Amino acid sequence: MPSPCCGYLSQYTNHHLVVFLLTFFSYVLLHASRKTFSNVKVSISAQWTSSVQNDSAHAFSPSETWEDNHLFADENQATLFLGALDSIFLFSYAVGLYLSGVIGDRVNLRYVLCFGLCGSAVVEFLFGTLTEWLHIYNIYLYCFLWILNGLLQSAVWPCVVAVMGNWFGKTGRGFVFGLWSACASVGNILGAFLASSVLSYGYEYAFLVTSVVQFAGGVVVFFGLLTSPKEVGLSLVSETGLSPVETDRDSHRPLISDEEDEVEVQEPDDPPVSPQAIGFLQAFCLPGVLPYSLAYACLKLVNYSFFFWLPFYLSNNYNWKEVEADRLSVWYDVGGIIGGTVQGLISDFMGKRAPVLAASLAMAMAALVGYSRSPNDQVINAVLLAVTGFFIGGPSNIICSAISADLGRQAALRGSQEALATVTGIVDGTGSFGAAGGQYLVSLIESKLGWMYVFYFFIVMTGGSIVFISPLLFRELQVMWRDRRARRHQL
């Protein structure tokens, strides 16, 4: 007997596969270029600090380099500025998510998506490659370009989630979106290998390679992506048994509601209602959006701290080579890929998301304690990284993809189908605000107290995620208990 997973996967068509792959690799390329910055932090820090610490500017004599291009007196100042750049990027990214989600529900998703991909590629080329080639070292220019990069990159995620939500319905959403949300982790892995492969030539070439590939990907998406089955004149029902563009009237109830499902009878002669885009405040007030957004703010802080600082931590704490640290850091993403897929599949079978998230986050706290005490051994470190990624990256992927799609298709919408991009922007935008503040705190805590206290901070934030989803967790557990009692009475 085929598994349920195979059963609902068999309902998809070639169009679904193309949409899955194009949206998947859109975000893979975006995250690969984003990962480049974290992978070359050691080289950038060396370029911006004193000649005693600098090994990267071999083309200049020390006096010439540090009279003209010197930005910071020591590595600690450079590290704080790198943390500030991370926070600047994430704050602008968060603001952009609130805006791009609303825009995505009102403008063709393909246009917004490709504008973000190609525009961000150009800015990254200017930031990391052109400034180095022309020997332009200016703090204000770096800040301006990174703010602009955050705004442009924010256009991508709400659009790809909305496109996926148009094509894939509620059934199997946890598994499909859990697998698909591995795009960020795959992008991190690709970015780490691309950066490490050309880093010996200079960090500017790492930016060059990833930005060119990202721009080319944006062009391919522009000419190849179908944002909805309607674009090819397909029947929404016949295209897939999952009814991809219909509002999932019960999709949100397993998450936060204990109301009984109601069967609605529609008159066959009712004229079709043209979907209207939902307002920003309306979307923010939808059931479940605020608690999941706040939980994601805490969780994304931890997840993105690993994203931005892991190679730097491995290189500085264990004195491993930058290339080795870059390649070792991919094990965190491997764990996140497996975690998102497995936990999404489990949540599909349970019909509930919050219990799976809470259990994973509780284990994540223990995993953080274990990883903070990892010995100076690359094999052990890689194993602990994968376990930590499984329990932190997995829930992060589920919230920003499957749960965002659930929230954007819930029964409370009814008259409006155009809410997916807006809700996704709110959830991810709130998460990015949390992550933005966290990045500067990480650099500050590390410089004042050390890395161990950074991990204590991560543990507290992970616990905060559990606190925010606890009302939803209790309600879903009540529903599960009530359903179990009902089945016993029937027997």
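How many helices and how many strands make up the secondary structure of the protein? In the predicted model examined here, the secondary structure comes to 21 helices and zero strands. Of the 491 residues of the protein, 59% count as buried, and the accessible surface amounts to about 19800 Å², with 65% of that area belonging to carbon and sulfur atoms. When contacts with a separation of 6 or more are considered, 84% of them are accounted for by residues 24 or more positions apart.

Among the helices, α3, which spans residues 41-48, is mostly covered, seven of its eight residues being buried. The buried residues of this helix are K41, S43, I44, S45, A46, Q47 and W48.

A further element of the architecture is the pairing of helix α15 (residues 289-318) with helix α19 (residues 378-407), whose axes come within 10 Å and cross at roughly 150°. Because angles over 145 degrees count as roughly antiparallel, α15 is described as roughly antiparallel to α19, and the crossing in which α15 passes α19 is left-handed. On the α15 side, the contact is made by V289, Y292, Y296, L299, V302, N303, F306, L310, L314 and Y318, while α19 contributes N381, L385, T388, I392, G393, P395, S396, I399, C400, I403 and L407. Sorted by class, the residues in the contact of α15 with α19 comprise 16 nonpolar and five polar residues, with no charged residues.

Note on methods:
Residues are numbered from 1 along each chain as its sequence is written. This is a predicted model: local features need pLDDT of at least 70, side-chain atom pairs count only at pLDDT 80 or more; totals for chains, interfaces and linings use all residues. Side-chain values use heavy atoms; hydrogens and water are left out. Axes are lines fitted to C-alpha atoms, for helices over the stretch in contact, and angles run from 0 to 180 degrees between N-to-C directions. Helices (H or I, at least four residues) and strands (E, at least two) are DSSP runs, numbered from the N terminus. Angles under 35 degrees count as roughly parallel, over 145 as roughly antiparallel, 65 to 115 as roughly perpendicular and the rest as oblique. A crossing is left-handed if the near helix is turned anticlockwise from the far one by less than a right angle, and right-handed if clockwise. Contact means heavy atoms within 4.5 Å. Ala, Val, Leu, Ile, Met, Phe, Trp, Tyr, Cys and Pro count as nonpolar, Asp, Glu, Lys and Arg as charged, and the others, Gly among them, as polar. Buried means under 20% relative accessible area, exposed over 50%, partly exposed in between (1.4 Å probe, protein chains only). Accessible areas come from the Shrake-Rupley method with a 1.4 Å probe; for residues, only the protein chains shown count as cover.
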